[in-house]
Amino acid sequence: MSGIFDSEEKAIFETPLAERMRPRTLDEYVGQAQLLAKGRALRNMLDRGKVPSCILYGPPGVGKTTLVRLMACVTGRTLLEINAVSAKVETLRSVVEDAKNEKDMTGRAAIAFVDEIYHFNSKQQNVLLPFVESGDIILVGTTTENPWFEINKTLLSRMVVYTLEPLKSKDITLLLRRALADRERGLGQFGVAADDAVIDHIAELAGGDARQALTRLDASVSAAAMGGGSVLTDEIVAESTGSATQRYDRRSNDHYAVISALIKSMRGSDPDAALYWLARMVAAGDDLRFITRRLCIFAAEDIGLADPFALVLAQNAAAAVDRTGMPEAPIILGETVVYLAAAQKSNSTYLAVKAALDDVNGGKIMEVPHHLRNDGSGYVYPHDSPSHWVPQAYLPEVRSFYHPGKLGAEVRIADRLKSLWKRFSQEREDKQGDNL
């Protein structure tokens, strides 16, 4: 392969494929139609030469940095790139001064680009804030972390937040085809072909990350060409790039989005969906104790007394997972998740304790009746009765917090309480009347 490129071309091809294939115009840009399709607000502003101070928020590999550079290019503005981690206050003041001088000369504000802007500390933000407010600079930041949680609210109030979505498979396959055919910047000079199934497979492996997809294509095509082949196969892709990339960070929104999907899938009694979201967490190396803790909470909150065994199973699973660890833990977790998803559901006890806490926290404080105090008299010991129950008051006034559900074990619980307490009998009669 040494004869394919001259020295200048070799230098070019030392640059990663994703960098070489960055789009040069907005029309070449792939994805984010919600922002950049003809007629959309941001596209209209850029076409008219205007750039707002803004945050581009989205996962890796969806085109945030590329879009910032295109913003500068299509509007003819100078782009000043700032490192959010290492930029000192003196450096920022110098950047601002340069931007002010340029605006004085050209009448156009430069774009100050801060990648992963959530790393900015308060001093860095305070340097830029007045110049953003006055319009002397246009601040554009990119971030993979939720800006509403990670960025100073004062600075954020002066900026627009645009959310970039993960790229669809069809978008990524378009980029892969473009790179495979491009002889100037892409991989066209290797003369390696790939059918649609292989390209689709690479797109799937990348998990919506265009940079990752192009990196995989680059490695796979290089391996095929250096091995003397001219056709890219799934086998070459697997050998060259390994397993699929999962868009997941235990400290980011992905972690909370996936656990939310797991909980809601179990609540909706869909074991297949629940198993998939569990697999996402396990494959990403999420904390097993975090998972089992959430399963225990779910068993109490969403299944409750409809199936009291659910909490026992979840607690036992937590102990078993602690004891076994990986790689066997997913077997235990899978069994538990399927059971919890398939179990009958009731949140009556969750609502009951919440109602009781609301009363207490709301100031509805009742004194302990005299006969229930440890030094009081008049208490009747229920076990002295053949039925192990006696009619006596346990609150100074009647309050109704627990309303039994109508599924599983709660049916039996409701029947027993109805036989003991008039308020449960009356509640059941009221509900039956409502249903007539």
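## Notes on a predicted model: pairs, patches and a core

1. Let's start with a pair you can find quickly: Asp322 and Arg289 form a salt bridge, and their closest N and O atoms are 3.0 Å apart. (A salt bridge here is a side-chain nitrogen of Lys or Arg within 4 Å of a carboxyl oxygen of Asp or Glu.) Asp322 sits in helix H17 (residues 309-324) and Arg289 in helix H16 (residues 288-303), so this pair ties together parts that are 33 residues apart in sequence. Helices (H or I, at least four residues) and strands (E, at least two) are DSSP runs, numbered from the N terminus. Asp322 is partly exposed at 46% relative accessibility, while Arg289 counts as exposed at 52%. For those words, buried means under 20% relative accessible area, exposed over 50%, and partly exposed in between (1.4 Å probe, protein chains only).

2. Before going on, a word about the model. It is a predicted one, in which local features need pLDDT of at least 70 and side-chain atom pairs count only at pLDDT 80 or more, while totals for chains, interfaces and linings use all residues. Residues are numbered from 1 along each chain as its sequence is written, and side-chain values use heavy atoms, with hydrogens and water left out.

3. How many salt bridges does a search of the whole structure find? The search gives 18. As background, side chains of opposite charge can pair when their charged atoms come close. One of the pairs is Glu19 with Arg22, at 3.0 Å from N to O. Glu19 is partly exposed, with 35% relative accessibility.

4. Another pair to click on is Lys170 with Asp171, whose side chains meet in a salt bridge at 3.6 Å, N to O.

5. Next, the charged surface. Asp195, Asp200, Glu204, Asp234, Glu235 and Glu239 gather in a patch of negative charge. Patches are made of residues with over 30% relative accessible area and no salt bridge; like charges are joined within 9 Å, and nonpolar side chains (Val, Leu, Ile, Met, Phe, Trp, Tyr) within 5 Å. Lys and Arg count as positive, Asp and Glu as negative, and His and the chain ends are not counted. The place of a charge is taken as NZ of Lys, CZ of Arg, CG of Asp or CD of Glu. Helix H11 (196-205) and helix H13 (234-241) are the elements that give two or more residues to this patch, and H13 has the largest share with 3 residues. Glu204 belongs to H11 and is exposed, at 55% relative accessible area.

6. There is a nonpolar patch on the surface too: Tyr379, Tyr381 and Tyr394 together have about 320 Å² of accessible area. (Accessible areas come from the Shrake-Rupley method with a 1.4 Å probe, and for residues, only the protein chains shown count as cover.) Tyr394 is in the loop between helix H19 (348-361) and helix H20 (409-420), and it is partly exposed at 36%.

7. Now look inside. The largest nonpolar core has 29 residues, and those touching the most other members are Leu17, Leu176, Val192, Ile202, Leu217, Val221 and Leu232. Helix H2 (17-20), helix H10 (169-181), H11 and helix H12 (210-226) each give two or more residues to this core. H12 gives the most, with 7 residues. A nonpolar core means a set of buried Ala, Val, Leu, Ile, Met, Phe, Trp, Tyr and Cys residues joined through side-chain atoms within 4.5 Å.

8. Finally, some backbone spots to check. Most residues other than glycine have a negative phi, and most peptide bonds are trans. Gln32, in the loop between H2 and helix H3 (33-36), has a positive phi near 60° and is buried at 5% relative accessibility. Glu116 has a positive phi near 50°; this residue lies in the loop between strand E3 (110-115) and helix H7 (122-134). The peptide bond from Met326 to Pro327 is cis, with omega near 10°, and Pro327 is in the loop between H17 and helix H18 (329-342).
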